[in-house]
Amino acid sequence: MQMFLDLTVVNVKPQRRGNRYFWKVILEATADGNDRFAVRDILDKCDRDQRKTLIVFLQLLAKAGYAEEVPSEKDRYFRLLRRQSDCPSLTRDGKESSHGKCQQQMWNVMRRERGGFTVADLAIAASTDDIGVNRHTAGLYCRVLHRCGVLALRKDEDGQNYYVLKGSANTGPKAPRRMAATVIYDPNREQIIGDVVAEEVLS
């Protein structure tokens, strides 16, 4: 029989891993104007066993022209060539990825349309020449944000559903990200066992 649990998440602590975290540390390491950094120095600020993942990210940055490896006999060094606040979203071959851009474009529309929007309106308004947002994607994102209390669902005079971004949920320019986590539940003690790690849903 399927089981349902109501979980209340109290503490959230970002892990020291992943491309976004690596990028943040690289920016901090080069903030003094010296664009050269050692892989070891970045690893010292990451969770354990991140060397392979970091190297893959640095190689992607090099392919995309954001960084280059600097020959050295003592340690492995890179030089940051392109600096920007947002972590570059790259495909495996070093090309710009559209990952996350649909959500960001929808979020921008939600914050702009104070009077609310239908799913169809959102899909149209959030689409650009480069990144199209289809109705299914817009509907899914609206349902997720409605379920967690970010969007209010209302009906217009014709009985058509539309969503409104709640004022308290308009926390800033960065779009809320969909995360997924697997938890182990002990029904004997009615407790979650171990730590819960959430990962961003790639769509």
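I began with the charges over rings: the charged end of R36 sits over the ring of Y77, 4.1 Å from its centre. I counted a charge as over a ring if NZ of Lys or CZ of Arg is within 6 Å of the ring centre and within 35 degrees of the ring normal. I also noted R82, which lies over the face of Y66 at 4.0 Å from the ring centre.

I record that this is a predicted model, in which local features need pLDDT of at least 70, side-chain atom pairs count only at pLDDT 80 or more, and totals for chains, interfaces and linings use all residues. Residues are numbered from 1 along each chain as its sequence is written, and side-chain values use heavy atoms, with hydrogens and water left out.

I then looked up ring pairs, taking rings of Phe, Tyr and Trp (its six-membered ring) with centres within 6.5 Å; planes under 30 degrees apart count as stacked, over 60 as edge-to-face and the rest as tilted. The count comes to 4 aromatic pairs. F22 lies in helix α1 (residues 19–29) and F57 in helix α3 (residues 51–63), 35 residues apart. Helices here are DSSP runs (H or I, at least four residues), as are strands (E, at least two), numbered from the N terminus. Both F22 and F57 are buried, that is, under 20% relative accessible area (1.4 Å probe, protein chains only).

Next I examined W23 and Y66: their ring centres are 6.1 Å apart and their planes stand at 90 degrees, so the pair is edge-to-face. W23 belongs to helix α1 and Y66 to the loop between α3 and β2 (67–70), 43 residues apart. W23 is buried at 1% relative accessibility, and Y66 is buried at 2%.

Notes:
Buried < 20%, exposed > 50% of the residue type's maximum accessible area, 1.4 Å probe, protein only.
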